[in-house]
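Open your viewer and keep the selection panel handy. We will go from stop to stop, picking residues and looking at what is around them.

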Amino acid sequence: MTPASTSARPPGRPRSGVNAVVFAATLSTVEELGYAHATVDRIAAAAGVAKTTIYRRWPSKGALIVDCLLDAFGPLPVEGTTRAELMSSAIHWIAAKIGEPGVGDAFAGVFSDAVSDPALREVLSARLQDPYRLALQGALGEPANRVLFFIDVVVGTLLHRMGMTGEPMADADVAALVEMVLPHFTGGAGPT
């Protein structure tokens, strides 16, 4: 009898790739069932992992959704040379991201949950909003309060449309939003 070979890898699913699998399962479950019905149990089942695997990484559904959104959004692409180009690019980028399957629903759902959950609101602010606010501040040279207002107007409008229609904003409406918002933030210059 030969001795059993031992593996250097611990038993269970390899750690690399688990987050990607869980994030994909989260967005597909949210898209299929809606945010409210996309429970951690259902997300775990869709990902093929134990619920404890999720709770070891994320203490709550809200924390999972925030990390999932960070993964889906990635870094803010700062494109353009003028303020108008930079802001227009940011508006089109976030509109496209919110329009991706499951993303808008997940964003609107976690945002809604945060209204009555101060801890989740802090996570949303620190982990999701602040990195994009800082990137926009650096690109635009604007103070935090102006950038936060820009984010409020744009993201609020896009999420409102998702909430009222269940659909992302159409390209023509995104272009109209850009035309409405830019004059306020670029000193009347409008899109260029």
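Buried, in this tour, means under 20% relative accessible area. One thing to keep in mind before clicking: this is a predicted model.

**Stop 1: helix α5**

Select residues 83–98, which form helix α5. With 16 residues at 1.5 Å a residue, the helix should span 22 Å, and its end C-alpha atoms sit 23 Å apart, which agrees. How many of the residues of α5 are buried? The count is 12 of 16, so the helix is mostly covered. Color these buried residues: A84, L86, M87, S88, S89, A90, I91, W93, I94, A95, K97 and I98. Now show what surrounds them: the buried residues of α5 pack against α4, α6, α7, α8 and α9.

**Stop 2: R83 and its partners**

R83 belongs to helix α5 while E142 lies in the loop between α7 and α8, so the pair ties together parts that are 59 residues apart in sequence. Is E142 buried or exposed? At 16% relative accessibility, E142 counts as buried, whereas R83, at 29%, counts as partly exposed.

**Stop 3**

The structure holds 7 salt bridges. For another of them, pick D67 and R127, whose side chains meet at 2.4 Å, N to O. This pair links distant parts of the chain, with D67 in helix α4 (residues 61–73) and R127 in helix α7 (residues 118–140), 60 residues apart. D67 counts as buried because its relative accessibility is 17%, and R127, with 39%, counts as partly exposed.

Next, select R161 and D173. They form a salt bridge in which the closest N and O atoms are 2.8 Å apart. R161 lies in helix α8 and D173 in helix α9 (residues 171–185), so this bridge ties together parts that are 12 residues apart in sequence. Both ends count as partly exposed: R161 at 26% relative accessibility and D173 at 32%.

**Stop 4: where α6 crosses α8**

Show α6 (103–114) together with α8 (144–165). Two packed helices are described by the angle between their axes and the distance between the axes. Here the axes of α6 and α8 come within 10 Å and cross at roughly 105 degrees. That angle makes α6 roughly perpendicular to α8. Which residues make the contact? From α6, select G104, D105, F107, A108 and F111; from α8, select V155, L159 and M162. Colored by class, the contact has 6 nonpolar, 1 polar and 1 charged residues.

**Stop 5: R121**

Finish with R121, which lies in helix α7. The relative accessible area of R121 is 40%, which means that this residue is partly exposed. Draw a C-alpha to C-alpha distance from R121 to V110: the two are 11 residues apart in sequence and 9.0 Å apart in space.

Conventions
Residues numbered from 1 in each chain as written. Predicted model: local features only at pLDDT ≥ 70, side-chain atom pairs only at ≥ 80, totals over all residues. Heavy atoms only, no water. Salt bridge = Lys/Arg side-chain N within 4 Å of Asp/Glu carboxyl O. Helix = DSSP H or I, 4+ residues; strand = E, 2+ residues; numbered from the N terminus. Buried < 20%, exposed > 50% of the residue type's maximum accessible area, 1.4 Å probe, protein only. Expected span 1.5 Å × (residues − 1). Contact = heavy atoms within 4.5 Å. Axes fitted to C-alpha atoms, helices over the stretch in contact; angles between N-to-C directions. Parallel < 35°, antiparallel > 145°, perpendicular 65-115°, else oblique. Nonpolar A, V, L, I, M, F, W, Y, C, P; charged D, E, K, R; others polar.
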